[in-house]
Each structure stands twice: as structure tokens, then as C-alpha cells.
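Work through the two exercises below with the sequence and the coordinates side by side, trying each task before reading its solution.

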Amino acid sequence: MTTTATPTVLRFSSMWRWLFVIGGLAVGCGLGFAVPPVGRWAIGVGLDPGPLQVAMAMPPAWLVPAAACLGIVAGLVLFEIGRKESLTLTVADDHVELVKERRAQHVPRKHVAAVFREDAELVLTDHTKRRLARFRANDLRRTDIENAFRNHGYPWLARNDPFGADFIRWVDGRPETGKAADALLRARRRALADEKPLVVEELEEELLGLGIDVRDRREEQHIRMFGQVE
């Protein structure tokens, strides 16, 4: 088992900045060249070109560079949105840190018994199979994530969704959960509908305290029972 003292940090690649900029530049230039003929076509068929009239009034020597600049700005804005919404993962010998949008979580190495993927999500669990963290990680390369954990000596499971067969669809009132868990799951369902992620996170912590992990599949809540925390 190989370990390294230097933490490994994975984040949204800066390469995407150039791809967004080049893509925005190409789209902007294309729109700049397309505006005059599209505007003339609209006038020819009796349509009101609307804002195109303003663009058509600009000399072509100004129109294409202006559209290209707007495309570059749009590309940078999209890159910044993607960067802020992506996962930043720090893997060290003694801890894992996960940061995504308004969520941040620190997990000590001594608590981690398994690390694996649940499709697009990265999951850490302890020796009782209690979930320690679950973050969407599809914006990071799978091999980079796996190598980061393996290089720092974490128990990486190569199998995708190893506890998937343990999840069942939650139905209010089923005997496996009980009234307290059902009330929390109903509240979580409302919080999801109201788009309150911080409330959802708090409710999930309460459910974990009851020995229940929950995730969403096809807009339904699926639950998994695990050994009670000592």
C-alpha cells in the first residue's frame, strides 16, 4: 500500500477555461457573420428583425469582433459557473475534504472503511456501512479520484455501487423504518420539492443517526439500513 505525505487536490480543470473561451469565440464569430443575412431574410419574408436591426446597423468590421468578444465573455461566465458548481476534493493521509457549492465536509481517515462510486457520486462509509459523505463527482476524472485515494492508502472499492442491492424504495408506513424515520423522510421530500439543500442535509444526518441512509433515484427516495453506530 503506497502513501504520500503531500495531499492530492482535484478540482475543475483549468483546461475547460480555454475550451469555453474558444467555443465562445467560435460561436460569437459565427453569429457575427450570420446576423446580416439572417436579418435580410427576416425583412424579406415580412418578419420584424427586432434587435437584429441594431446589429445590422453596425459595420461588418465592428460587428464580428463585437460578437466574438461577447462570445468570449459568455464562455468565461459559463466556465466560472461550472467551476463554482464542481467538486473540489482534497485527499490526505489523515483526512478527506470535500467542497461543493455551499457544502463542505471533513472526514478523518480513521473513520473511513470504504470509498467507492455510486454512478456519478463519490461515497465514503465507515465500518458499520454508515455513509460519511456523498458528493456528486462527475466533473472530476474517475481515474484521478481512484488514484488519489489509492495513493493515500484508502480502501477503494472498484465495484460501482457495492451497496446498491441493499437500497429499497421508501413508502410511507412500511415496517422497516418506523414513525420517526417516516416523519424525517416526509420532511426531506418536502425540502427537496422546496429546493432547500441545507435542510435536506440536516434531515439526512438525523436519518443516519437512526441507521438509515437515503438517496434519490427517479425522483423517489430509496433507503438502506445499516448497523447502528456504537
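The model is a predicted one, in which local features need pLDDT of at least 70 and side-chain atom pairs count only at pLDDT 80 or more, while totals for chains, interfaces and linings use all residues. Residues are numbered from 1 along each chain as its sequence is written, and side-chain values use heavy atoms, with hydrogens and water left out.

**Exercise 1.** Determine the strand order of the four-stranded open sheet and identify which strands stand at its edges.

*Solution.* Begin with the pairing: strands (DSSP E runs of at least two residues, numbered from the N terminus) count as paired if DSSP finds at least two bridges between them. The order is then β1-β2-β3-β4, with antiparallel pairing. Next, because β1 (8–10) and β4 (103–108) each have a single partner strand, one side of each is left without a neighbour in the sheet. Finally, follow β3 (residues 95–100), which pairs with β4 over six bridges in the antiparallel sense: H95 has P108 as its bridge partner, and E97 has H106. Two residues lie between the strands of this hairpin, where E101 takes a positive phi near 50°.

**Exercise 2.** Locate the largest nonpolar core and trace the surroundings of L89.

*Solution.* A nonpolar core joins buried Ala, Val, Leu, Ile, Met, Phe, Trp, Tyr and Cys residues through side-chain atoms within 4.5 Å, buried meaning under 20% relative accessible area with a 1.4 Å probe and protein chains only. The largest has 21 residues, and L89, L98, L122, L124, I145 and F149 have the most contacts inside it. Leaving aside neighbours within four places in sequence, L89 is in contact (heavy atoms within 4.5 Å) with residues including V9, L98, L122, I145 and F149. A second, separate core of 12 residues includes W170, V200, L207 and I223.

Key. Buried means under 20% relative accessible area, exposed over 50%, partly exposed in between (1.4 Å probe, protein chains only).
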